[in-house]
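Reader: I would like to go through the terms used for this structure and see what each one rests on. Please set each value against its cut-off.

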Amino acid sequence: TSTTSTSSTSTSRRSQSVVMEVVTQWVAPTAGVVIANAMFATPMRAVLQARKQGTLSDLNPVPWAAIVCNCAAWIGYSYFKKDWFVYLANQPGL
């Protein structure tokens, strides 16, 4: 029974390791991409309204410049690291 218990514990650890690998390599990055895309899409109503009116009105353009610069830097990083999750999370910001 000691061998069975050790084998069962080893299988359980391997299963936990596989689950953690899937969560850290696929689930969490995918959630990050979805959240980042939602974050970039949130202010689009105000942008489209300003575009339709032809004036910025109360819309401050400075954060948009910061977003573009930040996303461009992250996209450069994703290119060198070959990380598509980082790319997909930041591409909508451009």
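Reader: How many aromatic pairs does the structure hold?

Author: The structure holds 4 aromatic pairs. Rings of Phe, Tyr and Trp (its six-membered ring) pair if their centres lie within 6.5 Å; planes under 30 degrees apart count as stacked, over 60 as edge-to-face and the rest as tilted. This is a predicted model, in which local features need pLDDT of at least 70, side-chain atom pairs count only at pLDDT 80 or more, and totals for chains, interfaces and linings use all residues. Residues are numbered from 1 along each chain as its sequence is written, and side-chain values use heavy atoms, with hydrogens and water left out.

Reader: What makes the pair of Trp26 and Phe85 edge-to-face?

Author: The ring centres of Trp26 and Phe85 are 5.6 Å apart and the planes stand at 80°, so the pair is edge-to-face. Trp26 lies in helix 1 and Phe85 in helix 4 (residues 84-90), so the pair ties together parts that are 59 residues apart in sequence. Helices (H or I, at least four residues) are DSSP runs, numbered from the N terminus.

Reader: Why is Trp26 called exposed, and why does Phe85 count as partly exposed?

Author: Buried means under 20% relative accessible area, exposed over 50%, and partly exposed in between (1.4 Å probe, protein chains only). Trp26 has 53% relative accessibility, so Trp26 counts as exposed. Phe85 has 22%, so Phe85 counts as partly exposed.

Reader: How do you know that the pair of Tyr79 and Phe80 is edge-to-face?

Author: Their ring centres are 5.4 Å apart and their planes are at 75°, so this pair is edge-to-face. Tyr79 counts as exposed because its relative accessibility is 58%. Phe80 counts as exposed because its value is 66%.

Reader: Why is Ser78 called buried, and which residues does Ser78 touch?

Author: The relative accessible area of Ser78 is 4%, so Ser78 is buried. Ser78 sits in helix 3 (residues 62-81). Leaving out residues up to four places away in sequence, Ser78 touches Asp83, Val86 and Tyr87; contact means heavy atoms within 4.5 Å.

Reader: Which residues make up the largest nonpolar core?

Author: That core has 5 residues in all: Val33, Ala36, Phe40, Cys71 and Ala89. Helix 1 (residues 2-41) gives the most to this core, with 3 residues. A nonpolar core is a set of buried Ala, Val, Leu, Ile, Met, Phe, Trp, Tyr and Cys residues joined through side-chain atoms within 4.5 Å. In soluble globular proteins, nonpolar side chains tend to be buried together.

Reader: Why does Gly32 count as partly exposed?

Author: Gly32 has 31% relative accessibility, so Gly32 counts as partly exposed. Gly32 is in helix 1. From C-alpha to C-alpha, Gly32 and Leu88 are 9.4 Å apart in space, while in sequence they are 56 residues apart.

Reader: What is the phi of Ser57, and what is the phi of Lys82?

Author: Ser57 has a positive phi of about 55° although it is not a glycine. Lys82, also a residue other than glycine, has a positive phi near 55°. Ser57 is in the loop between helix 2 (44-53) and helix 3, and Lys82 is in the loop between helix 3 and helix 4.

Reader: Why are Ser57 and Lys82 called exposed?

Author: Ser57 has 55% relative accessibility, so Ser57 counts as exposed. Lys82 has a relative accessible area of 63%, so Lys82 is exposed.

Note on methods: Helix = DSSP H or I, 4+ residues; strand = E, 2+ residues; numbered from the N terminus.
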